[in-house]
Amino acid sequence: MNVNTMRIALILLATIMCAAPHSIHCADRRLVSMTLVRNASSLGAYCLDGSLPAYHLDRGFGAGRSNWLLQFEIIDRFPVKPIESIRFSSVLQHRVLNSLKGGGWCNDIESCLERAGTRRGSTRYMSKVEVFSGILSNNASLNPDFYNWNRVKIRYCDGASFSGDAKFDNGALLSGCSAGGLASFLHCDNFTSYLPKNASVKCLSDAGFFLDARDVGLNHTMRSFFKDLVSLQGAKTILEKNCTSSLYPELCFFPQYALPHIRTPLFILNSAYDVYQFHHGLVPPAADPHGHWYHCKFNPAACNAVQIDTLQGFRKYMLEALKVFFNNSTRGGMFINSCFAHCQSENQDTWLAQYSPRVNNKTIAEAVGDWYFSRNVSKMIDCAYPCDKTCHNLIG
């Protein structure tokens, strides 16, 4: 299972440009139907269970009809309350790590087989229509910079290797959240290399800046997980060669080590207290067998002083990992807020709404638009929790 998400995106685009899936208007929601890639089987490209890969396309119009926005799918919204019970076995922890947000990952045969029978590994079980909101919205008042682009959601079934080509006349934005946000880091330069040199190609990673951090039990939970994943998926071949020449391959799966080598303009959207990393990287169930963090995971206001210090230390580590990018990148953008959230670009409430999170009085949509169209320098770092009063989407 040698996964090459960038090639998946390209063949999907080649197919998309000749297809016309239906969009459905339902009140103020934009529902877009799924389209299967019928010719994928001729290339040996399948989902984990052998089903065909798929996408959802809402055609662009007007001045945006030659521009493309590719969004790697978000499988699930993060639950308001943690799904884990107070006590977790290591096996259950392993399965939770494999199943949440942006599709997650599978790092062994058992977990990949488990995914193959779900919407995370098969288009047979996926919803056939998807709501397009946030950065995918076609409403100019809700998505002023990208509303009239060709907006594509690529379904995440993690088991194919595609090849293809596509034509871009103007601009392209490769984006994704969580596992899709990580894919934006990993495939950004490769994606750019397939497109005309005069195309304005940029990448957006939402909640994809996974840190190589020790958990509260001082274990490298995420590093160990990524090591197994890279080995199983044969992912070393897609990792940045300058990175893998000096570091172990699993380290180059972490954006903080790959980032110095990325040449394409990149925007990093992340919470400094990312909920997924908080629950499964910093405080995985196996590192908290007695549930001391249980109430803190429900609501940051319930965290004790030691727990708050730990969370602030995690934020500090993230900002340190981003320091060189923040100071030296002339074409990069950044929006690091202090809301306890995970994935904010595809959710209208966090992307652009009356009460959306703001940093320096700018919404995420405004910050991304300023960066993509070079209207202003767009690098923003929020103050530490709990000072930001625009965070209305806290986990509690």
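**Close-up 1. A disulfide between C177 and C343 in this predicted model.** Let's start with C177, which is buried, its relative accessible area being 0%. The sulfur atoms of C177 and C343 sit 1.3 Å apart. About the S-S bond the torsion is about -65°, so this disulfide is left-handed. The bond links distant parts of the chain: C177 belongs to strand β7, while C343 is in the loop between β10 and α12, 166 residues apart.

**Close-up 2. The disulfide of C296 and C303.** Here the sulfur atoms are 1.9 Å apart, and a torsion of 80° about the S-S bond makes the link right-handed. C296 has a relative accessible area of 1% and C303 one of 11%. Both values are under 20%, so these residues count as buried.

**Close-up 3. C339 joined to C391.** In this disulfide, the sulfur atoms lie 2.0 Å apart. Its torsion of about -80° means a left-handed disulfide. C339 is in the loop between β10 and α12, and C391 is in the segment after β11, so the pair ties together parts 52 residues apart in sequence. Both cysteines are buried.

**Close-up 4. The largest nonpolar core.** Which residues touch the most other members of this 47-residue core? They are F209, L259, I268, F278, L311, L322 and I336. Helix α11 gives the largest share, six residues. Domain 1 and domain 2 both contribute, so the core lies between them. Beyond its neighbours in sequence, F209 is in contact with residues including F185, P255 and M318.

**Close-up 5. R30 and its polar contact with D58.** R30, in strand β2, is buried at 12% relative accessible area. Its side chain meets that of D58 in a polar contact of 2.8 Å.

Conventions:
Residues are numbered from 1 along each chain as its sequence is written. This is a predicted model: local features need pLDDT of at least 70, side-chain atom pairs count only at pLDDT 80 or more; totals for chains, interfaces and linings use all residues. Side-chain values use heavy atoms; hydrogens and water are left out. Helices (H or I, at least four residues) and strands (E, at least two) are DSSP runs, numbered from the N terminus. Buried means under 20% relative accessible area, exposed over 50%, partly exposed in between (1.4 Å probe, protein chains only). A polar contact is a pair of N or O atoms within 3.5 Å; within protein, one must be able to donate a hydrogen and the other to accept it, and residues adjacent in sequence count only if both atoms are side-chain atoms. A nonpolar core is a set of buried Ala, Val, Leu, Ile, Met, Phe, Trp, Tyr and Cys residues joined through side-chain atoms within 4.5 Å. Domain bounds come from an automatic or database domain assignment. Contact means heavy atoms within 4.5 Å. A disulfide is a pair of cysteine sulfur atoms within 2.5 Å. Lists of a residue's contacts leave out its neighbours within four places in sequence.
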